[in-house]
Amino acid sequence: MLARNSMSPRRLEAVVILLMLMFLNASGAFVGINIGTQLSDPPSPSDIVAILKAKKIQHVRLVNSDHQMLVALANTGIEVMVAVPNDQLLRVGQSRPTAADWVNKNVAAYLPATNITYIAVGDEVLTAIPNAALVLVPALQFLQSALLAANLNTQVKLSSPHSMDVISKAFPPSTATFNSTWSSIMSDYLRFLKTTGSVFMLNAQPYYGYVKGQGIFPLEYALFRSLNPNSQIADPNTNLFYTNMFDAMVDATYNSMKAMNFTDIPIMVTASGWPLHGGRNEPAADVDNALAYNGNLIRHVLNNSGTPIQPNNQVSTYLFELFNEDLRTGPVSEQNWGIMFTNASAIYSLTFEDVATTTTDSPALRGMFCVANSSAPHSALKQSLDWACGPGSANCSAIQPGQPCYKQDDIVAVASYAFNDYYHRTQASGGTCNFNSTATVSSTDPSHGSCIFAGSTGANGSDSGAASGPASQDSFASHSQSCWLTHLVAALLPIVLLL
């Protein structure tokens, strides 16, 4: 007979469900980092982990299952994606015992101290090693069976990263389809993801899209920068406008899955970045573009804005990559995607925190303001304003109708507030006051009445925060969800206690 205070299986199951509900609304899109191995002088695993902690990076993707790295990541709380490298795929996909042994040695042995949450099975298998394509899905199935046997199938999910080359024609997104060469394998792969509740892993690299396009798409489109009114890019079939190539790539993948009758499979971008240096024939690979792309990508992802086709679907993304890999072959740019030197100093400044929720109180910018250029065309100001309040993640609530900084017929004043908010939030991580030459830095405080600009010291010389408007719709939705969740838990708790 069970002791009276022991927990029955039914009660335990109910408690687990309650805990899942309680933490359901804590999820959100994240930005992680890829850590490669093709460098001649790599830091020690403990030094790498120290860098991750210093940069507040909470998600990492390893290209293998390096045991020293897994030990170093133990008890850090950092979520880890390990990988079955391409050179191991054939063995794992042809033998169920080999797959089980791989899980035991590279995953189970390190849980729960090391927070392993994903296994990436191969990398761009269909396009990089097509001779192994037929074993991809069997490898996934064998590994899933091993996870089930170890009772790890809810903790660890399986998928396989694909390049954009699996899509025959990615633009316009509405007509995108997977290459018919892989139809059977892709169908089995998508069915596996649907059955196991996993994600479609996509390596989305607008740098390659821009270079291969040979001038079809403007550089600004690839870098998340605002486009001039004559260069707006729209899907002719849906009339949806695309302000950046990243979203178009993700939507092309959504529609390719839809064309095969698979919907509601989330997309996770497992690699996206920009090279900071290239050869003579690679002019787009430079540090300014790398900073612009990666900084804007981080803001875009953490803004939880989704894509034009799936505005409510968040797309978590792993930045490519932590260090330059000098041993990689190919063009010069292939060796120069890193954001950090191996001595732990930054190549350029990035923050992995949500700038939309960070403070605008920057002591270094106190008394300095980013304001709209009054001589700039109104059409250009409007375009820059739209970018600042959209992809730029500026807090534009105070310039909405009825709010303290709203001026119906004064776009210069309205844009100035948005530009300044963006500048003060992002300057420390590389944000600038330019907006395609529609803005400039000024020491004249543009605050007026109850409209207080970030950086203002106020009339009495004390620091003043920026004017704030009403809570955003997303904030309201989040609050409503929290209230709903609280009531649900309160209603279910007495039932659980009676089990």
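Two strands are taken to pair if DSSP finds at least two bridges between them. Strands themselves are DSSP runs (E, at least two residues), as are helices (H or I, at least four residues), numbered from the N terminus. The model is predicted: local features need pLDDT of at least 70, side-chain atom pairs count only at pLDDT 80 or more, and totals for chains, interfaces and linings use all residues. Residues are numbered from 1 along each chain as its sequence is written, and side-chain values use heavy atoms, with hydrogens and water left out.

Strand β1 (residues 31-35) runs parallel to strand β11 (residues 317-319), and three bridges join them. Val31 stands opposite Thr317 in β11. Both strands belong to an open sheet of nine strands, ordered β5-β4-β3-β2-β1-β11-β10-β7-β6, with parallel pairing. Its edge strands are β5 (157-159) and β6 (162-163), each pairing on one side only.

Helices α9 (residues 206-213) and α11 (residues 245-259) have axes that come within 9 Å and cross at roughly 95°. Axes are lines fitted to C-alpha atoms over the stretch in contact, with angles from 0 to 180 degrees between N-to-C directions. The two helices are therefore roughly perpendicular (65 to 115 degrees). Pro206, Gly209 and Tyr210 in α9 meet Met245, Phe246 and Met249 in α11 (heavy atoms within 4.5 Å).

Asn373 lies in the loop between β12 (369-372) and α13 (378-389). Asn373 is partly exposed, at 26% relative accessible area (between 20%, under which a residue is buried, and 50%, over which it is exposed; 1.4 Å probe, protein chains only). Beyond four places in sequence, Asn373 touches Leu381, Ser437, Thr438 and Ala439. Asn373 and Val441 are 68 residues apart in sequence, yet 9.5 Å apart in space, C-alpha to C-alpha.

Methods. Angles under 35 degrees count as roughly parallel, over 145 as roughly antiparallel, 65 to 115 as roughly perpendicular and the rest as oblique.
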